[in-house]
Amino acid sequence: MRLTYALPLPVVALTVAVSALAGCGSAHPPAAPRASVTVTAPAPAESNPAGDIPDNQAYVTYRSAPGSFTLKVPEGWSRTDAANGDVTFTDKLNRIAIHISTAAAPATAQSVNASVVPALHGQVPGFTAGKTTTVTRPAGQAVLFTYQGAGPADPVTGKAVRDAFERYAFFHAGHETALTLSGPVGADNVDPWRTVTDSLRWQ
């Protein structure tokens with residue numbers, strides 16, 4: 001006689017469900033998570049006004065025999081020596097001019113206004129006077145006169161930009177050293193010009 005055993009219905013249902021889940025897992029594995037990608041826009045190029053001296057500008061020491069002093073000037077600038085002892089350093093739109101003369105006494109704001117200002121008015125095209133003040137530097141007191149005017153003309157185009165000038169009159173041992181720094185109006189050269197004027201040392 002054949003014996004037949006019937007599984008309870010809950011057991012049959014559980015067996016079918018487990019088989020179905022196993023089949024689904026083997027046919028459709030879970031998708032791997034996507035890696036996130038961050039796109040960074042390039043930084044805008046730094047734009048400096050024309051005539052700005054770089055913050056990382058290096059300086060070298062210039063020694064003046066006629067004036068018996070040393071002065072730090074930007075490295076790489078062109079140097080022009082005149083027969084009377086004057087010297088000029090230039091680079092593109094910027095300029096440092098040194099003029100040495102004998103003097104019986106230090107300049108004053110009154111003497112600069114009386115003699116230097118009228119002379120510059122006749123020499124500098126588009127001259128506009130600024131202020132005359134007395135400043136203190138490590139080399140001593142100096143009379144500072146600021147003004148604006150046309151800079152040297154471009155040798156190719158013939159055009160000239162408008163420059164801002166700082167003229168310092170130092171006095172030492174019977175000599176006046178006039179140090180004039182200039183560059184385009186709007187250029188931020190406060191720190192470089194201060195580096196130059198602070199570096200003056202008498203020998």
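How many residues lie between β1 and β2 in the hairpin that they form, and which residue in the turn has a positive phi? Four residues separate the two strands, and serine 68 is the turn residue with a positive phi, of about 55°.

The views below show a predicted model, in which local features need pLDDT of at least 70 and side-chain atom pairs count only at pLDDT 80 or more, whereas totals for chains, interfaces and linings use all residues. Residues are numbered from 1 along each chain as its sequence is written, and side-chain values use heavy atoms, with hydrogens and water left out.

**View 1. The hairpin of strands β1 and β2.** Strand β1 covers residues 59–64 and pairs with β2 in the antiparallel sense over six bridges, where strands are DSSP runs of E with at least two residues, numbered from the N terminus, and pairing requires that DSSP finds at least two bridges between two strands. Within this pairing, valine 60 stands opposite valine 73 of β2.

**View 2. Strand β2 and its pairing with strand β10.** Strand β2 (residues 69–74) is largely enclosed by the rest of the structure, because five of its six residues are buried (buried means under 20% relative accessible area, exposed over 50%, and partly exposed in between, with a 1.4 Å probe and protein chains only). Strand β10, residues 201–202, pairs with β2 in the antiparallel sense over two bridges, and tryptophan 202 of β10 stands opposite phenylalanine 69.

**View 3. The salt bridge between arginine 79 and aspartate 81.** A salt bridge is counted when a side-chain nitrogen of Lys or Arg lies within 4 Å of a carboxyl oxygen of Asp or Glu, and by this rule the count comes to four. In the pair shown here, the closest N and O atoms of arginine 79 and aspartate 81 are 3.0 Å apart. Arginine 79 is partly exposed at 49% relative accessible area, and aspartate 81 is partly exposed at 48%.

**View 4. The salt bridges of aspartate 198 with arginine 137 and arginine 194.** Arginine 137 and aspartate 198 meet through their side chains at 3.6 Å, N to O. This pair links distant parts of the chain, 61 residues apart, with arginine 137 in strand β6 (residues 128–137) and aspartate 198 in helix α3 (residues 190–198); helices are DSSP runs of H or I with at least four residues. Arginine 137 is buried at 12% relative accessible area, while aspartate 198 counts as partly exposed at 23%. Arginine 194 also bridges to aspartate 198, the closest N and O atoms being 2.9 Å apart.
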